Amino acid sequence: MEKATFAGGCFWCMVKPFDQWEGIEKVTSGYMGGHVENPTYEDVKRGDTGHVEVVEIEFNPEIFSYEKLLDIYWMQIDPTDAGGQFHDRGESYKTVIFTHSDEQYAAAMQSKQNLAESGRFKKPIVTEIKQAETFWPAEGYHQDYYKKEESHYQEDRAKSGRDEFIDAHWKEKANHSE
């Protein structure tokens, strides 16, 4: 098993796209990148801990490659927005790829370069690529939110603008079946 960690705005919206594939063993919502030990959702949401909302994905690279995870990741976010994602604004909602090895770092950098050169976006790709730090799991009620609180999840996602963005930029490749 390997781990991949992605920040893509609200972690509620980042679980389902990864959670539905063979070879993905577990997707956990949490926090990474800050200076506070064991932060709470309220701490992170306040925006002064340095953490971002992330999903930590445990996967079997022999069944599902890291490169495929990167492809799915890019199709869930606006990689040109440094101020948050969709209706979730602020530092805790910015996009970051946290890498767990030199190989992941190289793959993430190549993937980002390929996206930048693709011409898909007119603005620069601002998603950061950093070394993974301590992962702090979010509170239990945030885990698998799309399953446990389906109607609230769908309502929040519908208001976010995420699906319209995905359809506009990834329509031919999107697989977000919300």
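Helices (H or I, at least four residues) and strands (E, at least two) are taken here as DSSP runs, numbered from the N terminus. The model is a predicted one, so local features need pLDDT of at least 70 and side-chain atom pairs count only at pLDDT 80 or more, while totals for chains, interfaces and linings use all residues. Residues are numbered from 1 along each chain as its sequence is written, and side-chain values use heavy atoms, with hydrogens and water left out.

Six strands make up an open sheet in the order β7-β6-β1-β3-β2-β8, with mixed pairing; two strands count as paired if DSSP finds at least two bridges between them. At the edges stand β7 (128-131) and β8 (136-137), each with a single partner strand, so one side of each has no neighbour in the sheet. Strand β1 (residues 2-8) runs antiparallel to β3, with five bridges joining the two; Phe6, for one, has Val55 of β3 as its bridge partner. On to β2: eight bridges join this strand to β3, again antiparallel, and Met32 is partnered with Val52 in β3. β1 is also joined to strand β6 (residues 95-99) by four bridges, in an antiparallel arrangement, with Ala7 opposite Val96.

β3 is mostly covered, with seven of its eight residues buried, where buried means under 20% relative accessible area, exposed over 50%, and partly exposed in between (1.4 Å probe, protein chains only). Neighbours within four places in sequence aside, Glu56 is in contact (heavy atoms within 4.5 Å) with Lys3, Ala4, Thr5, Lys26, Val27, Thr28 and Phe135. Thr28, in turn, lies in strand β2 and counts as buried at 11% relative accessibility. Residues up to four places away not counted, Thr28 touches Val54, Val55, Glu56, Phe135, Pro137 and Gln143.

Gly33 sits in the loop between β2 (24-32) and α2 (41-46). With 27% relative accessibility, Gly33 is partly exposed. Its C-alpha atom is 8.7 Å from that of Thr49, 16 residues apart along the chain. Beyond residues up to four places away in sequence, Gly33 touches Gly50, His51, Phe98 and Glu133.

Now for the helices. Axes are lines fitted to C-alpha atoms, for helices over the stretch in contact, and angles run from 0 to 180 degrees between N-to-C directions. α3 lies across β1, β2, β3 and β6, at about 15 degrees to β1. Helix α4 (residues 102-118) lies across β1, β3, β6 and β7, at about 150 degrees to β6. Helix α1 (residues 12-19) packs with α3 at an angle of about 135 degrees, their axes 10 Å apart. Where α1 and α3 meet, Met14, Pro17 and Phe18 of α1 touch Leu69, Ile72 and Tyr73 of α3.

A nonpolar core is a set of buried Ala, Val, Leu, Ile, Met, Phe, Trp, Tyr and Cys residues joined through side-chain atoms within 4.5 Å. The largest has 43 residues, and Phe6, Phe18, Ile57, Tyr66 and Leu69 have the most contacts inside it. Helix α3 (residues 66-74) gives the largest share, six residues. A second, separate core has seven residues, including Ala7, Val52, Phe98 and Phe135.
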